[in-house]
Amino acid sequence: MTIWVPKLRGVGPRYRELADAIASAIERGELASGVKLPPQRRLADALGVTVGTVTRAYREVETQGFVDARVGSGTYVRSQDGATFAFGNVGSGRESADMIDLSLALPSPTPERASGMARALATVASDSAAMDHASDYQPEGGLVAHRERITHWMESLGLAVDADELIINQGGMNGIFLTLSALLGSGERVAAEALSYPGLISVAQQLGVRTVPVAFDAEGIDIEALARSHERQPFAALYLMPEHHNPTTVQLTEARRRALVDLARERDFWLIEDGVLYMPPEARGTPLYQLAPERTIYLFSMAKILGGGIRSGVMRVPATIRDRVTSAVQNLSWMPPPIVASAACQWIASGDADRLLHWQMDELNARQAMARDYLGDYAIAAHPCGLYVWLELPEGHRATALVDQLATRGVRVTSAEAFCVGATAAPQAIRICISAASNRGRLANALSRIRAALDDPAPVPWQTV
């Protein structure tokens, strides 16, 4: 009786290559749902490898959610229509059978996001007082009860704030829009690292705010370069992500945080501290809003924790500009939607938010380990709890060509060009959002294709002029 035997190229660890081959065969439909994988000894003999290699490969694809091992029976292909809490095929709608999208920094998919939201909404719907609040006009900064609930949660996450300092908004992008609207007029300047979050660049363009790129290195923004930029082109505010820079993952050192605060006070500019990419307390430095509370706006969002559909977050705002920010809220949407804030607060109160956050940290650790396993031979920068890795390409590679090549191989990533502020020259690098794949098996498939493209780049087309 013949058995299924994959063709292995002999590249990298044999167990991993076999695991990738099994996962690819399942995704292609070559190994259908319910099919029993070959007995480990028979497959080992057919491939000329040890039984331990096959055992390890089977364990790997079981961990990735592709198969189920049944004691005394064997290993079977799991139905890819089903979903489990840990590794279900739940995604943003951008991923398809032919394309694995690693271009967006999304929280790792799990069915628990939808079920957690359903439980929260059901609880709110059963509370007549909560529904009365949700269906009526509310203060521009949000209900006091909501702000107090979020305050307690942020304190449990190591982010001490006062409820009176908070303004509820509709997530990180909304926070950036409100902050720039309140602080800067058309033609004024906001500074940022030379590579920065594209959302900031887009909002600044829409509001007619000019951006000033500032050099940075492995310790974060260059304070001396920042001072020189301010002398040449005085700016009213500086935007930065001190804990987990997007896209390079760099963290601002403690020494530079304090030097930055000193410079901001000396030159009198605002600090916009973007904290929407959650990092656990042990992985964070001292928040800028604690070092310079009088001139720092801190942005916190639940989208990267609970799910993108929860368009709810808060801004920690100094009292001196609270009225300016609440006026911006009124002008944009009158108030944050109370039904959304009610659902988010119930999610927190139930304990589901903490359980989901703990799962996400474990999942990101596992996915980051996979990225190191596949791409560790190359120049990658990452954080164990981060949503993405930053890959600086070896000499001879061009980011735009690699992005195009990967797209033809069914993987979508982002080149450095998307993050360039002003006229900054794009480095040859790409951002890979390891969190976005629908499960670990799909991520492993994508990482193996990225590795193959790096190891064997396609020729870049050219023509004479």
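At what angle do the axes of helix α15 and helix α16 cross? I started there, keeping in mind that this is a predicted model, where local features need pLDDT of at least 70, side-chain atom pairs count only at pLDDT 80 or more, and totals for chains, interfaces and linings use all residues. Residues are numbered from 1 along each chain as its sequence is written, and side-chain values use heavy atoms, leaving out hydrogens and water.

**Helix pair.** I found the axes of α15 (residues 399-408) and α16 (residues 440-455) crossing at roughly 130° and coming within 10 Å. That makes α15 oblique to α16 (under 35 degrees is roughly parallel, over 145 roughly antiparallel, 65 to 115 roughly perpendicular, the rest oblique). Angles run from 0 to 180 degrees between N-to-C directions, with axes fitted to C-alpha atoms. Helices here are DSSP runs of H or I with at least four residues, and strands are runs of E with at least two.

Next I looked up who touches whom: L402, Q405 and L406 of α15 meet R449, I450, A453 and L454 of α16 (contact means heavy atoms within 4.5 Å). By class I get five nonpolar residues, one polar and one charged.

**Sheet.** I then went to the open sheet of four strands, ordered β13-β14-β17-β16 and paired antiparallel (two strands pair if DSSP finds at least two bridges between them). Its edge strands are β13 (379-381) and β16 (414-415), each pairing on one side only. I see four bridges joining β14 (residues 389-392) to β17 (residues 429-432). W390 has R431 in β17 as its bridge partner.

**Helix on the sheet.** Last, I checked α14 (residues 352-375), which lies across β13, β14 and β17 and runs at about 170° to β13.

Terms used. Ala, Val, Leu, Ile, Met, Phe, Trp, Tyr, Cys and Pro count as nonpolar, Asp, Glu, Lys and Arg as charged, and the others, Gly among them, as polar.
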